[in-house]
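Dear colleague,

I am handing over a structure for you to examine. Please look through the sequence and the model below before reading my notes.

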Amino acid sequence: MAVQWTLTLLAIAALGAFIALPLIAVFVQAFDKGWAAYLTAVSDPNTLSAIKLSLLAVGIAVPLNMIFGIAAAWVIAKFRFRGRDILVSLIDIPFGVSPVISGLIFILLFGAGGWFGPWLEKYDIHIVFAVPGIILATIFVTFPFVARELIPLMESQGIEEEEAALVLGASGWQMFFRVTLPNIRWGLLYGVVLCTARALGEFGAVSVVSGHIRGETNTLPLHVEILYNEYNYAGAFAVASLLSVIAVVTLGLKKLLEWKTGRGTP
């Protein structure tokens, strides 16, 4: 019992020191100069532009990664084929590669001196230092989340129900929408929540490909950095508080989905 209480207190102390206190400090600093200064910072045109760009990146990256994740998990979990392990390893690449390196990869591919740079320049197509590059970088760093969530879930469920549906005359799409999708819905939502949170908070890869053009290619994390570097601490912490609220909401959704999927502690 003594060991249990000691470990519990140590865990609470660590959480308080490394998570709760910094989170509280963000909100204290955000409202340090009052509500008027806070509202001015979050309603600034550059802040609104950063919010819109972040939501645009999430709105494109998350649905695409959801479709990819479902397809990849279905293939990997339900079928056995040559190269399956290679496909699983490829899905994990963004987990093992630094986000900064991920951004540099897109510079190498689509930059002015990159592999496709001259062709893109010829047709006046802008990818790096523009919105498409930000979206591509966001897709790359977040695409494993849904797939990695669904693969073990689908493997644990087996293929008996799908086979029964096919025997009863269901088509492939009917089997998917009436059997497979209902069985994975909570795991899918769990993966989407994690993917969304990662997309909103991505900094490294997006920073490399964005060009930091104020009001055009700055997402919320990049906007926080610019405000902080300009010694506009009230504005930086005000915008950071928006990201903190998103993090808290994401944590709440995550715990709810863990309870729904039976992952929470009893």
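**Findings**

His212 counts as partly exposed, because its relative accessibility is 30%, a value between the limits of 20% and 50%. Please bear in mind that this is a predicted model. His212 is placed in the loop between helix H12 (204-210) and helix H13 (220-229). Its phi is near 55 degrees, which is a positive value in a residue other than glycine. Most residues other than glycine have a negative phi.

Is Ser241 buried or exposed? With a relative accessibility of 1%, Ser241 counts as buried. Ser241 sits in helix H14 (residues 233-260). Apart from neighbours within four places in sequence, Ser241 is in contact with Val26, Phe27, Ala30 and Tyr38. With Tyr38 there is a polar contact between the two side chains, at 2.9 Å.

Finally, the largest pocket has a volume of about 190 Å³. It is lined by 13 residues, of which Phe110, Gly111, Ala112, Ile125 and His126 are the closest to its centre. Helix H6 (99-110) and helix H7 (117-122) are the elements that give two or more residues to this lining, and H7 gives the most, with three residues. By type, the lining comprises eight nonpolar, three polar and two charged residues.

With kind regards

Key. Residues numbered from 1 in each chain as written. Predicted model: local features only at pLDDT ≥ 70, side-chain atom pairs only at ≥ 80, totals over all residues. Heavy atoms only, no water. Helix = DSSP H or I, 4+ residues; strand = E, 2+ residues; numbered from the N terminus. Buried < 20%, exposed > 50% of the residue type's maximum accessible area, 1.4 Å probe, protein only. Polar contact = N/O pair within 3.5 Å; in protein donor to acceptor, adjacent residues only side chain to side chain. Contact = heavy atoms within 4.5 Å. 1 Å grid on protein atoms, 1.4 Å probe; cavity = no way out; pocket = protein on both sides within 12 Å on 5 of 7 lines; lining within 4 Å. Points joined across faces, edges and corners; volume = space filled by probe spheres on them. Nonpolar A, V, L, I, M, F, W, Y, C, P; charged D, E, K, R; others polar.
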